[in-house]
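I opened my notebook on a structure I had not looked at before. Here is what I looked up, entry by entry.

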Amino acid sequence: MFLSEITKVAKFQQKRRRGDGTTLATELGYSRSHVSNVLNGRRINSTITSAAYRLANHRLTNEQLVSRLKVA
C-alpha cells in the first residue's frame, strides 16, 4: 500500500512530538528549516516525509495520549 506525501505528513502531524524535526534533520542530513518546511507542507521531499511517517507511525495520536493521561 502506497500513501501519498500529503497523507504521510497528515499522519505525522497527528503524532508529532517536540524535537522530531531536529531528530529527522540530524538523521537525514538536511537543515532543520528545510525539514520544518516539508513537515508544514511548504515543500515536498519524499525522503523526509517517509522518514517522518516511519518515526511516528507506532505512536499514539496526541488525542489518545491526552485521554489516557486523564484516566490515570
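I started with Thr 49, and found it in helix α4 (helices are DSSP runs of H or I, at least four residues, numbered from the N terminus). Thr 49 counts as buried because its relative accessibility is 4% (buried means under 20% relative accessible area, with a 1.4 Å probe and protein chains only). Not counting residues up to four places away in sequence, Thr 49 touches Glu 5, Lys 8, Val 9 and Val 38 (contact means heavy atoms within 4.5 Å).

A note on the source: this is a predicted model, where local features need pLDDT of at least 70 and side-chain atom pairs count only at pLDDT 80 or more, while totals for chains, interfaces and linings use all residues. Residues are numbered from 1 along each chain as its sequence is written, and side-chain values use heavy atoms, with hydrogens and water left out.

Next I checked the nonpolar core (buried Ala, Val, Leu, Ile, Met, Phe, Trp, Tyr and Cys residues joined through side-chain atoms within 4.5 Å). The largest one has 10 residues, among them Phe 12, Leu 24, Val 38 and Ala 52. Helix α4 gives the largest share of this core, four residues.

Then I followed Phe 12. Leaving aside neighbours within four places in sequence, Phe 12 is in contact with Asp 20, Leu 24, Leu 39, Ala 52, Leu 55 and Ala 56.

Technical notes
Buried < 20%, exposed > 50% of the residue type's maximum accessible area, 1.4 Å probe, protein only. Helix = DSSP H or I, 4+ residues; strand = E, 2+ residues; numbered from the N terminus.
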